[in-house]
Amino acid sequence: MGKRSRQRSSVQISLSTCLKCTIIFQGWGAGYADIVKENKLFEHYYKEQGLVPEGEFDEFMEAMREPLPATIRITGYKSHAKEILHCLKDKYFKDIQELDIDGQKIEAPQPLSWYPDEQAWHTNMSRKIIRKSPLLEKFHQFLVSETESGNISRQEAVSMIPPLLLKIEPHHKILDMCAAPGSKTAQLIEMLHADMEVPFPEGFVIANDVDNKRCYLLVHQAKRLNSPCIMVVNHDASCIPTLQINSDGKKDILFYDRILCDVPCSGDGTMRKNIDVWKKWTTSNSLHLHGLQLRIAVRGVEQLAVGGRMVYSTCSLNPIEDEAVIAALLEKSEGALELADSSADLPGLKWMPGVTSWKLMTKEGQWYSDWSEVPTSRHTQIRPTMFPPKDEQKLASMHLERCMRILPHHQNTGGFFVAVLVKKAPMPWNKRYPKKMRLFGYKEDPFVFLTEDDPVFTTIQSFYNLSPDFPKLNVLTRTHEGKKRHLYMVSKELRNVLLNNSERMKVINTGVKVWSRNSDGEEFGCAFRLAQEGIYTLQPYIRSRMITVSVEDIKVLLTQENPFLSKLEDDAHAQAKNMGTNSTAHNPAEPQCPIQLCGWRGKTSIRAFVPRNERFHYLRMLGVEVFRDKQGLGLKPRDGAKDAEEEGAADNEVEVDFENGDENTSSEPKTDNNGRRRLTEGLSALRAVDQVQDHSMWQRRMVCIFTSV
């Protein structure tokens, strides 16, 4: 989904249509019945521009008035992506195909033809229909839960296009200039982690947004992916600072291999879900935004490496915000930039080539075809860069037809514009380094890297028997003084950026949490327990405190709050009992679908320390159906989980014995009524290996790391 603009220091816009879109899944929600979907000025303007093929304008307008289909994307870098797809196709989608509600046959979700590997789907089901059927309600809960776990992203179809066109590779340094709310940023992170065997890709994503509050929405999106290669910063994109890095002992300028320039826009391509645009759309919106869009694009190409790619995109159909910006940028570059031909990059996507002629219209209906026609009184509102170049040869050399405009009626999507720029040479104008800006907004806690001999790390190193190649200099905390509460990790490249730019950029968040302090842990050998969100990053380096458990053991660990060790099967039980001697479990052959979980090992019990939605995710992957009903939470086994009576439930359902609140809100052992610690002994890690009776990748061997205090 593209952006609608917000207030900037240089441009004051009061229209509510110029707020960045936050409704990212409107297709599931109720419509705006009271708003009339008519705007004569809009229709007149786009008829005159000739952007819609002849004979299709009525179809175009009809599509604009229809609700936008809901779309979901399965996160591509997660090792369980294929399992999620298997679950969706063979469980939910298959049942939906045969569903009839009030005589209406429900249209089954369909894959987006142009998105790779069937990882994106769309459907016309509304929330009202979902609520009419218990089956669809479970499907909705599945979507919500998996979205919170970071395994599914609810994202508009056209919003998925720009990251795909960037052609990300794991070593790329990436800048997302106007990133909030973060759906495209998430795609970029996933692409960096295409190889899950590499915990620290060489590349990174710096995600920027001008709005301080919206930066925290961006942090929330990024945190679901648990990557050490993401940094969220808070700057005006049109003058985002030039960063430095240390290269072979000397300071160099950081140039990015890939830049996503998804600029603020008028948002008239979002009318299908943002219904208020109908009554507030005027041509003035684009005229107000053009200058800001061009400044952001210019700042982007200044920071792009030679040979790098920048994708410029908007959720507007207006040439003033689209081709006019690209043409002005190309003209200014004097050959240093060129439009890439992306026509073969997304087979199956229908799009219209960019146009080479367009006109301006004021909100009063006055048309202008050339700058020379504009009266002096309007020169502050209308600028020369808003018009097509007059030199026909220069215009032809720009290849504006390589721009891509997506029209809603062609594939039942929102409206969108995208252009791919390649930098062939340094920009001809002098590099403009912005003045050192005062860091505005809220003051963030510092980012402090541990030193080589930090005493905090000594016990962690020995307790977990970390391998010699563990990059401990990449571990940081958020305080200079007092006890360190949490420890985070970033990649080596992001560490370089942080150390060399602390005074010139405002960092909101970076890295992934890997350890959290446990106040009672020191007497058991280590004051820090493992954090679930960082286990995929840490696991390759941990060489002790692991035990092997079966898949049935996993189900016990994930459905019961604090099961006795005796609940585990014999092999796992024996290993857990020996954990007090710091024994190391056998490490089986690397599986194709690893599960990695953190937890606590007590004197007589063991506990999965896993956020609720992640528990649900793993259980679903094991064939246990999780849903919320009027009685509360229930788990319905799909492939023969443990006997329901043994688990203390009836009607073949397993009750989930979770504590109140989300699992990830607690970092300390609980105490019983006698004041004794329920969980007392040191950190442990469990590996689970077994086969599941399911026609999916879970038939292969699977690992579960279960780390706990």
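Reader: Which side chain meets that of K484 in a salt bridge?
Author: The partner of K484 is D454, with N and O 3.8 Å apart. A salt bridge here is a side-chain nitrogen of Lys or Arg within 4 Å of a carboxyl oxygen of Asp or Glu. Helices (H or I, at least four residues) and strands (E, at least two) are DSSP runs, numbered from the N terminus.

Reader: What should I know about the model itself?
Author: The model is predicted: local features need pLDDT of at least 70, side-chain atom pairs count only at pLDDT 80 or more, and totals for chains, interfaces and linings use all residues. Residues are numbered from 1 along each chain as its sequence is written, and side-chain values use heavy atoms, with hydrogens and water left out.

Reader: Back to that pair. Are K484 and D454 buried or exposed?
Author: Both K484 and D454 are buried. Buried means under 20% relative accessible area, exposed means over 50%, and partly exposed is in between (1.4 Å probe, protein chains only).

Reader: How many salt bridges are found in the whole structure?
Author: The search finds 21 salt bridges. One of the pairs is D262 with K184, whose closest N and O atoms are 2.9 Å apart. This pair links distant parts of the chain, since D262 is in strand β12 (residues 256-262) and K184 is in helix α7 (residues 183-192), 78 residues apart. D262 and K184 are buried.

Reader: And what does K513 pair with?
Author: K513 forms a salt bridge with E533, and their closest N and O atoms are 3.7 Å apart. K513 lies in strand β24 (residues 512-517) and E533 in the loop between β25 (528-530) and α16 (535-538), so the pair ties together parts that are 20 residues apart in sequence.

Reader: Why does K513 count as partly exposed?
Author: K513 counts as partly exposed because its relative accessible area is 21%. E533 is partly exposed as well, with a relative accessible area of 26%.

Reader: Which residues are linked in a network of salt bridges?
Author: The network links E38, K40, E43 and R65.

Reader: New topic: which residues form a negative surface patch?
Author: The patch is formed by D58, E59, E62 and E66. Patch residues have over 30% relative accessible area and no salt bridge; like charges are joined within 9 Å, and nonpolar side chains (Val, Leu, Ile, Met, Phe, Trp, Tyr) within 5 Å. E66 is in the loop between α2 (57-65) and β1 (70-74). E66 is partly exposed because its relative accessibility is 43%.

Reader: What does UniProt list as "active site"?
Author: The unreviewed UniProt entry lists C315; such annotations may be inferred rather than shown by experiment. C315 lies in the loop between β13 (304-314) and α11 (323-333). With a relative accessible area of 1%, C315 is buried.

Reader: Where is L304 placed?
Author: L304 is in strand β13 and, at 1% relative accessibility, counts as buried. L304 and D257 are 47 residues apart in sequence, while their C-alpha atoms are 6.3 Å apart in space.

Reader: And where is N274?
Author: N274 is in the loop between β12 and α9 (277-280). N274 counts as buried because its relative accessibility is 3%. N274 and L68 are 206 residues apart along the chain, and their C-alpha atoms are separated by 9.6 Å.

Definitions and conventions
Areas by Shrake-Rupley, 256 points an atom, 1.4 Å probe, with all protein chains shown as cover. Lys, Arg positive; Asp, Glu negative; His and termini not counted. Charge placed at Lys NZ, Arg CZ, Asp CG, Glu CD.
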